[in-house]
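Student: I would like to go through the labels attached to this model one by one. For each, please give the value and the cut-off behind it.

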Amino acid sequence: MNDYFINQDIFLRALEPEDLEFFYKWENNTTLWQYGSSIVPFSRFALRQYIADSQMDIFQIRQLRMMVVEKTKDLVVGTVDLYEFDALNSRAGIGILVDENHQKKGYALQALACIEKYAFHHLKLHQLYAFVPEKNLPSLALFEKADYRKTAVLKDWVSISKSYGDVIVMQKINK
């Protein structure tokens, strides 16, 4: 396995058909929808197709999603992805989800470090960015710990229940 995708306690791997139930659980968890762009549930059929399409090149589909796996138990603990890959401007969005049963164990920070190595050294990206709802304090703390900087506030950017919330733009520039 490429050194980009291995860290102290975890490794990243490509999506497999066996990951269907993880995605079905995560993508249909309505409490997580406020942190992303989902507004409807996903069928197993749609997720099967998504997993099949994920084998395509990042230059074709502008996204790369990988599973975060705990090394010693070979246990899937989450997922990390690069999205809105923009080769011309050398940037991509970054997103991460660690299953609620595996949070607060350092997996998220290690997964970010792995995908950053790949993005900055292999893909030669200039920057990564994340849009984090301001009320998502654990994600803000994670990105700050990973040396992302708050560069903007998008006012009333996300609809939350019957109101709107701000989103913090976090960026990491490859210098």
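Predicted model: local features only at pLDDT ≥ 70, side-chain atom pairs only at ≥ 80, totals over all residues.

Student: Why is E116 called buried?

Tutor: Its relative accessibility is 8%. Buried means under 20%, so E116 counts as buried.

Student: Where is E116 placed, and which residues does E116 touch?

Tutor: E116 is in helix 4, residues 107–122. Leaving out residues up to four places away in sequence, E116 touches H121, L128, A146, Y148 and K172.

Student: Which other residues of helix 4 are buried besides E116?

Tutor: Among them are Y107, A108, Q110, A111, L112 and C114. The list also includes I115, Y118, A119 and F120.

Student: What comes just after helix 4?

Tutor: K124, which takes a positive phi of about 60°.

Student: What makes E116 and K172 a salt bridge?

Tutor: Their closest N and O atoms are 2.8 Å apart. The cut-off is within 4 Å, so the pair qualifies. The pair links distant parts of the chain, with E116 in helix 4 and K172 in strand 7 (residues 163–173), 56 residues apart. Both E116 and K172 are buried.

Student: What makes R91 and D86 a salt bridge, and is each residue buried or partly exposed?

Tutor: The closest N and O atoms of R91 and D86 are 3.4 Å apart, and the limit is 4 Å. R91 has 30% relative accessibility, so R91 counts as partly exposed. D86 has 16%, so D86 counts as buried.

Student: What makes E144 and K150 a salt bridge, and why is E144 called partly exposed?

Tutor: The side chains of E144 and K150 meet at 3.2 Å, N to O, and the requirement is within 4 Å. The relative accessible area of E144 is 38%.

Student: How many salt bridges does a search of the whole structure find?

Tutor: Five.

Student: Why is R44 called partly exposed?

Tutor: R44, in helix 2 (residues 44–53), has 33% relative accessibility, so R44 counts as partly exposed. Leaving aside neighbours within four places in sequence, R44 is in contact with L20, E21 and Y24.

Definitions and conventions
Residues numbered from 1 in each chain as written. Heavy atoms only, no water. Helix = DSSP H or I, 4+ residues; strand = E, 2+ residues; numbered from the N terminus. Buried < 20%, exposed > 50% of the residue type's maximum accessible area, 1.4 Å probe, protein only. Contact = heavy atoms within 4.5 Å.
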